Amino acid sequence: MKRDTACLQGVSPVQSFRVTIKLIAASSKRKYFYSDIGPYFLSMSSNVPKAPRPPRPIATPCVQVCAVDGASGLCLGCWRTLPEIAGWSGFTDAERAAIMAALPGRAAAAGG
């Protein structure tokens with residue numbers, strides 16, 4: 001299958017080049033085609049990342065009541081400090097578990 005290139009008359013080779021492609025029948029199981037400059041692969045599956053998995057849910061004590069007590073520096077909804085809230089998604093499961101274990105004590109000490 002060749003295209004009419006009459007519209008390219010007077011165009012320099014730097015601006016345009018001609019590639020002849022040999023198409024493979026659709027029923028073929030080949031995943032490539034040939035041009036006059038070599039084979040081209042239709043699917044580079046080894047270079048294509050797999051579909052991303054949904055993120056793993058992270059347990060959080062957040063109750064959507066965000067008010068930080070100035071004296072203690074604790075959120076009155078979840079009893080975490082601002083650095084704990086800010087770094088929550090970057091903490092390991094063990095670090096989050098340790099913080100969550102300390103929260104009931106913080107709430108009791110604050111009278112909440």
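**Close-up 1. Trp88 is a buried residue.** Trp88 has a relative accessibility of 6%, so this residue counts as buried. The model shown here is predicted. The charged end of Arg80 sits over the ring of Trp88. That charged end is 4.7 Å from the ring centre.

**Close-up 2. Trp88 and Phe91 form an aromatic pair.** A pair of aromatic rings is described by the distance of the centres and the angle of the planes. The count for this model comes to one aromatic pair. The ring centres of Trp88 and Phe91 lie 6.3 Å apart, and the planes meet at 75°, so the pair is edge-to-face. The cut-off for that label is over 60 degrees. Phe91 has 23% relative accessibility, so Phe91 counts as partly exposed. Trp88, at 6%, counts as buried.

**Close-up 3. Six residues make up the largest nonpolar core.** Trp88 belongs to this core. Leu74, Trp79, Ile99, Leu103 and Ala107 are the other members.

**Close-up 4. Trp79 sits in a loop.** The loop runs between strand β3 (38-41) and helix α1 (82-87). The relative accessible area of Trp79 is 15%, so Trp79 is buried. Buried means under 20%. Trp79 is also a member of the largest nonpolar core. Trp79 and Ala102 are 23 residues apart along the chain. Their C-alpha atoms are separated by 9.2 Å.

**Close-up 5. Glu84 is a buried residue of helix α1.** Glu84 has 12% relative accessibility, so Glu84 counts as buried. Not counting residues up to four places away in sequence, Glu84 touches Phe91, Ile99 and Arg106. Phe91 is the partner of Trp88 in the edge-to-face pair. Ile99 belongs to the largest nonpolar core.

**Close-up 6. The whole chain gives the setting for these views.** The chain has two helices and three strands. Along the sequence, the pattern reads β-β-β-α-α. The chain has 112 residues, and 14% of them count as buried. The accessible surface comes to about 9100 Å². Carbon and sulfur atoms account for 61% of that surface. Among contacts between residues at least 6 apart in sequence, 25% join residues at least 24 apart.

Technical notes: Residues are numbered from 1 along each chain as its sequence is written. This is a predicted model: local features need pLDDT of at least 70, side-chain atom pairs count only at pLDDT 80 or more; totals for chains, interfaces and linings use all residues. Side-chain values use heavy atoms; hydrogens and water are left out. Rings of Phe, Tyr and Trp (its six-membered ring) pair if their centres lie within 6.5 Å; planes under 30 degrees apart count as stacked, over 60 as edge-to-face and the rest as tilted. Buried means under 20% relative accessible area, exposed over 50%, partly exposed in between (1.4 Å probe, protein chains only). A charge sits over a ring if NZ of Lys or CZ of Arg is within 6 Å of the ring centre and within 35 degrees of the ring normal. A nonpolar core is a set of buried Ala, Val, Leu, Ile, Met, Phe, Trp, Tyr and Cys residues joined through side-chain atoms within 4.5 Å. Helices (H or I, at least four residues) and strands (E, at least two) are DSSP runs, numbered from the N terminus. Contact means heavy atoms within 4.5 Å. Accessible areas come from the Shrake-Rupley method with a 1.4 Å probe; for residues, only the protein chains shown count as cover.
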